Amino acid sequence: MQKLVNTLKERNLTIATAESVTGGLVAKSITDVPGSSKVFLGGIIAYSPNAKVNILKIDETLIKKLGTVDPLIAEIMARNVKGIFGADVGVSTTGIAGPDSIEGKQVGLCYVGIVIKDENFVFENKFEGDRAIIREYITEFLINKLIEILQGG
């Protein structure tokens with residue numbers, strides 16, 4: 001996480017998080033780093049569809065059509081949290097950590113959204129393991145992807 005915070009500082013960028021499946025682990029991982037207050041503006045844990053609609057302002061008809069675990073939902077979550085906090089970077093996580101599948105989608109499926117200024121990225125992944133492991137894998141994947149993008153990889 002130190003590498004991410006340092007990279008954001010070097011580029012003079014701020015970040016905000018919108019998390020569902022990870023339940024705040026991304027924000028916790030960032031804020032565990034001393035000095036993260038210079039780059040981290042805030043986070044929203046929008047665990048329920050209702051929170052995604054009312055707090056992150058995602059169109060309810062879109063969620064009813066696509067479900068909450070969808071690449072477009074991940075992108076909108078990241079874009080909207082970026083706007084809510086006025087950050088340079090918005091990131092999001094949505095997926096299924098288990099133990100049961102939802103929306104006809106398998107446990108371990110996740111989407112990570114990253115919006116940097118006007119660039120949008122969405123990544124799909126499938127992780128295996130128990131709930132805690134899947135959530136940690138998603139968090140790690142998001143942080144590593146963000147560092148890679150910020151460093152021009």
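Predicted model: local features only at pLDDT ≥ 70, side-chain atom pairs only at ≥ 80, totals over all residues.

Student: Which residues have a positive phi without being glycine?

Tutor: Asn12 is one of them, with phi near 55°. Lys57 has a positive phi too, about 60°, and is not a glycine. For background, most residues other than glycine have a negative phi, and most peptide bonds are trans.

Student: Where is Asn12, and is Asn12 buried or exposed?

Tutor: Asn12 lies in the loop between helix 1 and strand 1. Its relative accessibility is 67%, so Asn12 counts as exposed.

Student: Then Lys57: which loop holds it, and is Lys57 buried or exposed?

Tutor: The loop between helix 3 (49–54) and helix 4 (60–66) holds Lys57. Lys57 counts as exposed because its relative accessibility is 60%.

Student: Where is the cis peptide bond?

Tutor: Gly98 and Pro99 are joined by a cis peptide bond, with omega about 15°. Pro99 belongs to the loop between strand 3 and strand 4.

Student: Back to helix 6. How far apart are its end C-alpha atoms?

Tutor: They are 29 Å apart. Helix 6 has 20 residues, and at 1.5 Å a residue these should span 28 Å, so the two values agree.

Student: What happens at the start of helix 6?

Tutor: A side-chain oxygen of Asp130 comes to within 3.2 Å of the backbone nitrogen of Ala132 there.

Student: Which residues of helix 6 are buried, and what covers them?

Tutor: The buried residues include Ile134, Arg135, Ile138, Phe141, Lys145 and Ile149. Their cover includes helix 1, helix 2, strand 1 (15–19), strand 3 (89–95), strand 4 (109–116) and strand 5 (119–126).

Student: Okay, helix 1 against helix 6. At what angle do the axes cross, and is the crossing left-handed or right-handed?

Tutor: The axes of helix 1 (residues 2–10) and helix 6 (residues 131–150) cross at roughly 35° and come within 10 Å. The crossing is left-handed.

Student: Which residues meet there?

Tutor: Helix 1 brings Lys3, Leu4, Thr7 and Leu8, and helix 6 brings Ile143, Leu146, Ile147 and Leu150. The residues of this contact divide into six nonpolar, one polar and one charged.

Student: Let me switch to helix 5. How does its length work out?

Tutor: The 15 residues of helix 5 (residues 71–85) should span 21 Å at 1.5 Å a residue, and the end C-alpha atoms are 22 Å apart, which agrees. At its start, a side-chain oxygen of Asp70 reaches to within 2.9 Å of the backbone nitrogen of Leu72.

Student: Which of its residues are buried?

Tutor: Ile73, Glu75, Met77, Asn80 and Lys82 are among the buried residues of helix 5.

Student: What does the side chain of Glu75 pair with?

Tutor: The side chains of Glu75 and Asn120 are joined by a polar contact of 3.2 Å. Leaving aside neighbours within four places in sequence, Glu75 is in contact with Val115, Asn120 and Val122.

Student: One more pair, Thr17 and Thr31. Is Thr17 buried or exposed, and where is Thr31?

Tutor: Thr17, in strand 1, counts as buried because its relative accessibility is 1%. Not counting residues up to four places away in sequence, Thr17 touches several residues, including Val26, Ile30, Phe40, Val81 and Val91. Thr31 is in helix 2 (residues 25–31) and counts as partly exposed, because its relative accessibility is 40%. With residues up to four places away in sequence left out, Thr31 touches Ser36 and Phe40.

Technical notes: Residues numbered from 1 in each chain as written. Heavy atoms only, no water. Helix = DSSP H or I, 4+ residues; strand = E, 2+ residues; numbered from the N terminus. Expected span 1.5 Å × (residues − 1). Buried < 20%, exposed > 50% of the residue type's maximum accessible area, 1.4 Å probe, protein only. Polar contact = N/O pair within 3.5 Å; in protein donor to acceptor, adjacent residues only side chain to side chain. Axes fitted to C-alpha atoms, helices over the stretch in contact; angles between N-to-C directions. Left-handed = near helix turned anticlockwise from the far one by under 90°. Contact = heavy atoms within 4.5 Å. Nonpolar A, V, L, I, M, F, W, Y, C, P; charged D, E, K, R; others polar.
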